[in-house]
Amino acid sequence: MIQLSIDGREISVPEGTMVVDAAAKLGIEIPVYCYHQALGPLGACRICLVEIEKMPKLQTACTTAVREGMVVHTGGPAVEKGRQGILEFLLINHPLDCPVCDKGGECFLQDYSFWYGSGKNRFEESKIQRQKDYPVSDYILLDQERCVLCQRCIRFLGEYVGEEQLMLEGRGVHTVVSTVEGQPAHSPYAGNVIDLCPVGALLSEPYHFKARPWNIEREETVCSVCPVGCASLVTGRDGHPVRLEGRPQPDLDDYGFLCDHGRFTYDFVNHPARLEQAFLDGKPASASAAVAAVGERLARVVEKSGGGAVAVLTGAVHTVEEEWALAQFARESIGTSRLAVLKPVAGDLPLPLLGTYADLAAATGVLLLGADPYEAVPVMHLKLRAARRAHPVAVWGLGDRVLTRSTLPGEDFVAEPGQVAARLGVVLGGEALDGRWAELRRGLLETERLVVLWDGADPAAAALLAALAGQRGERPTAVLPTHGPRNWLGAVRAGISAEHAAAARILEDAAEGRLEALILLAADPLRDFPDGDLAARALERVPAVYFAGWFAPEPRHALSAMLPTAAWAEVTGTYANMEGRLQVAHGAAAAPGQARPVRSLVTALARAMGHPLRLPDFDPFQDQDGDRIARPAKQPAESAGAPARPALPPGEWRVLTGDMVAVSHPPSEIAERTREPLPLRLHPHDADELGLGAPGGLIEVAQGERRFVAGARRDARIPAGRVFIPRGLADVPANRLDHGAGVKIALADPVREEVAAP
Amino acid sequence: MLSGFKAIANGLKTTLLMLKEPRDTIQYPEKRREYSPRFRGKHMLAQDEDGHELCVGCGLCEAVCPAHAIRVVAAGAPGSRPVSWTERYAVDYEVDLIRCIFCGMCEEACPTNAVRLTPFNELAAYSRLDMVADKEELLAPPVRN
Amino acid sequence: MSNQQWPAEWRAWAEEVQATFPNATSSLMPFLHRVRSQQGWLTPEALDAAAELLGMTRQHVDSVVSFYTLFRTEPTGARTIHVCRGLSCMMAGADTLMENLEHHLGIAEGQTTSDGAVTLLEAECLAACDLAPACQVNLVYRGPVAPDAFRELLEMPVEEPPALARRAEQSGAQGAKGVADRE
């Protein structure tokens, strides 16, 4: 620890801390543009000048590391004059078009000019004119005139993300930020440069000219798109969300970086497909009439056949409080125990193993078990890269396709399709392993702190993960489940079972005619349940399906009633992310149409059933667990062997599936511009043999009588002979294909290809 | 009794003398009073000589208005036809003249000198809705006739 | 992609500069100087080669190249004339000299004649006020050049290879930061 004094106050900080961070710890703000804790020191903007005794000139606080006995002054005439000079220089070619600029009112150039500037500019010559509103990506506009060349954007994409898509071009006053070779930046993390830009140079295109800081509601929320649950700020104007920004959480060492799939899909709450109107038997109805009718019918079923004839499936996208209200409604008003979370995967994580992002940041080894974080949970990929920047982290990918990538290098172990868990079992069994696999075994067992990112697809992996933790003994093992739905751990906190078997039992009961009514809260079994055929049989057989939620599942004619509920950003409540952390999200928008919070919907339904529901106070936070959900204690697990697998018939294509947030995010008009037209993936050799063009084209996936057509892209990360189909894709429902049997693939009809090719 | 007449005559004298004095009231609306050029009446939105609006929809007037009488919605210029002198303009600009207290802070805050308070003060209307001046109305400054 | 697709000469240069400099960023400039002196300008392939052979991103190479005016990324004539636009040279008639050259060659500043013989460029201060108006022909200083005497710039013999390249070779990879000797 190093002792120093800043503005007469003593502080001791670890060696290597920069003066600016040491001052921040004392609550002394030193202005910065180029410095960002995630990126480290650069010293490009010079605004952070401070006076350090015994140093002849002003020093930049962001590049000066603390020294023992250092005496720093962050104010005083010399510092003030220095800052005024720097600001005057920064403003020489700045257009001063604050009234037009979206950043006006929340801009550090404005703030610092106001706080530290001299208020005068001696530069009278005309300013250099540069490109304005130049699109550097589908979502980002660049105004080169306003740029102060702090290079945060360039360094973030280049160093932090590892995708060099922005650069500095030219010299002196002619220096500008530009894209590499004129190609738009396409990184899924590019949107963060909007938050990072301290001035109005990089702007959000969807937010362009939309609002001003004083006519918006800017509330703390969490992203609703994937289970990472990134802390963010939602901006509401006139009742609609118009922007999502990252929200740094210093106490969790989180810089608040988002991915573009989360950042630019906030408009789903106002999407035309959003359910805003109640429907009864396919016809629009008033909310009260629909609720009264549904309640009456439910009451009749309960009276006739008992509460057990009704089952409730939740898609777990509502808040914990709402899920809890649903659970109360199911148990108290209906009197059923058939209540479960609908998950898109069959695996159930042993909750004692549930890890945290802090585990990930400290990990020495990371196993990607079937999960490709870049595609499924993009911000986890960033967190992994951040961990690697801090210390060495071994990354192993074990899946039925390549899971590491150039920006997250590691060793890849590709298993046969459907054999991922079996492979892990063989590795843990430890018998007759050849070189690489033996290395993997040694790595997994001997690395100091292991974190597993598991996609949850293979149910057999759950026991193996417990066994792995058991074999590792005292060394910590943590698992982070990357699968959805967004708030499944929140539903667990609300007392709803998230076990695959529970949901499967409900659908089996329905398919066998033991159910008379099925209530779906934002659940789409046909799209999401791993066994799509069972879901289809269930929905066909059950006499009444009542849906409440944001987007009604297809086919809508199968639904007896549709009741709109309030969505994310419209209610204040709690969500749980994949580390089981409870996160409070505030509302900033108004629920459209007849949409109402689930809590009020279920009490209304209960009243209509004739059993008024009294919802007692509920606090998702439990004292003993702080802001994480309660987890059962670790049980010593027995060493599990390799699960047996049937051999696959030869000669056909194997189906691989996985999460891809670019496909599974809610429908969004803004994100439509980056929708992946070619979501399927094939190995380039296979694509050549098929005659698929570059980068891809439409293919037909056939199994038995079923034929689906969708765009496929070449991807060397997919092993030959396999086709990757993301989960939840409407064109090719992977859950309707028998993965054990293989599929046939052919080029799609060229006529259709012409029409639909991107 | 004489003193009574005297008193009446005295009073009439004052009255008659006053008839010669200049009048304090005017015959509105046939005659109208002159106001100071700095009188703050109804708002207008100014345009430059090319017909481009000066207002860029920055919303500072909205922020500064103590009576929350102003509502501004900005947008980018549609297509290639600029509405204001720059790429941003106000799609909607409304002043609720019932709420307005004519303090002139909007005028003071305006960075482009677009919103101005004219001396026009004849603000009577038959309905409250008519008292919300929209952009179209504000672009055509009222004239006293 | 393998390194094999690049000319053997470039690969050899890359190895040489990498041996001289411990880190990749330092080896970029000498490498680019050599490729430039060989080709006269930096082709897109040369930039790709630099990025790949020296193990850095194309983004970084582009940034460096755009910083230095002597690294040209457009086809450049066999004879490159820089006319100084510094204060002393301007006062001594550099703008008239430039106009005369432009008029004579039928091209504007920054362009190359259609036969690829001459490229006409203006230079920020050449630090040769004593020679005002100063010019460089293939980086060899020339001056004072009277505005009417522009023909001597087109007629003076130019060295092959260009002087800068020769300097770079003479002093190994380190000498390339300056420009050529004055006459």
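Author: Let's start with a term: buried area is the accessible area (1.4 Å probe) that two parts lose on being put together, summed over both. What you see above is a predicted model, in which local features need pLDDT of at least 70 and side-chain atom pairs count only at pLDDT 80 or more, while totals for chains, interfaces and linings use all residues. Residues are numbered from 1 along each chain as its sequence is written, chains are lettered from A and ligands numbered from 1 in the order in which they are written, and side-chain values use heavy atoms, with hydrogens and water left out.

Reader: Thanks! How much area do chain A and chain B bury between them?

Author: The value is about 1,100 Å², with 56% of it on carbon and sulfur atoms. A:Pro99, A:Phe209 and A:Trp214 supply 52% of the area that chain A buries against chain B, more than any other three residues. Contact means heavy atoms within 4.5 Å, and on that basis eleven residues of chain A are in contact with 15 residues of chain B.

Reader: How many salt bridges are counted between chain A and chain B?

Author: In general, a salt bridge is a side-chain nitrogen of Lys or Arg within 4 Å of a carboxyl oxygen of Asp or Glu. Here the count is two. B:Arg88 forms a salt bridge with A:Asp102, the closest N and O atoms being 3.4 Å apart.

Reader: And how many residue pairs are in polar contact across the interface of chain A and chain B?

Author: A polar contact is a pair of N or O atoms within 3.5 Å; within protein, one must be able to donate a hydrogen and the other to accept it, and residues adjacent in sequence count only if both atoms are side-chain atoms. The rule finds six such residue pairs here, both residues being at pLDDT 80 or more. As for residue classes, Ala, Val, Leu, Ile, Met, Phe, Trp, Tyr, Cys and Pro count as nonpolar, Asp, Glu, Lys and Arg as charged, and the others, Gly among them, as polar. The side of chain A that touches chain B divides into five nonpolar, one polar and five charged residues.

Reader: Now the other partner: how many residues does the contact take from chain A and from chain C?

Author: Ten residues come from chain A and eight from chain C. These two chains bury about 860 Å² between them, 52% of it on carbon and sulfur atoms. A:Glu164, A:Met167 and A:Arg171 supply 54% of the area that chain A buries against chain C, more than any other three residues. One salt bridge is counted between chain A and chain C: C:Arg58 pairs with A:Glu181, with the closest N and O atoms 3.4 Å apart.

Reader: Which strand gives the largest share of the side of chain A that touches chain C?

Author: First, the wording: helices (H or I, at least four residues) and strands (E, at least two) are DSSP runs, numbered from the N terminus. The largest share, four residues, comes from E8(A). Two strands pair if DSSP finds at least two bridges between them, and four bridges join strand E8 (residues 166-169) of chain A to strand E9 (residues 176-179) of chain A, which run antiparallel. A:Met167 stands opposite A:Ser178 in E9(A). E8(A) and E9(A) form a hairpin with six residues between them, and A:Gly170 in the turn has a positive phi of about 90°.

Reader: How far apart are the closest C-alpha atoms of chain B and chain C?

Author: They lie 30 Å apart, and no contact joins chain B and chain C.

Reader: Let's turn to sheets. What is the order of the open sheet of five strands in chain A?

Author: The order is E20-E19-E18-E21-E22, with parallel pairing. Strand E20 (411-414) and strand E22 (477-481) of chain A stand at the edges, each with a single partner strand, so one side of each is left without a neighbour in the sheet. Five bridges join strand E21 (residues 450-454) of chain A to E22(A), and A:Val452 stands opposite A:Val479 in E22(A).

Reader: Which strands does helix H14 of chain A touch?

Author: Helix H14 (residues 460-472) packs on the sheet, touching E18, E21 and E22 of chain A, and its direction makes about 175° with that of E21(A). For such angles, axes are lines fitted to C-alpha atoms, for helices over the stretch in contact, and angles run from 0 to 180 degrees between N-to-C directions.
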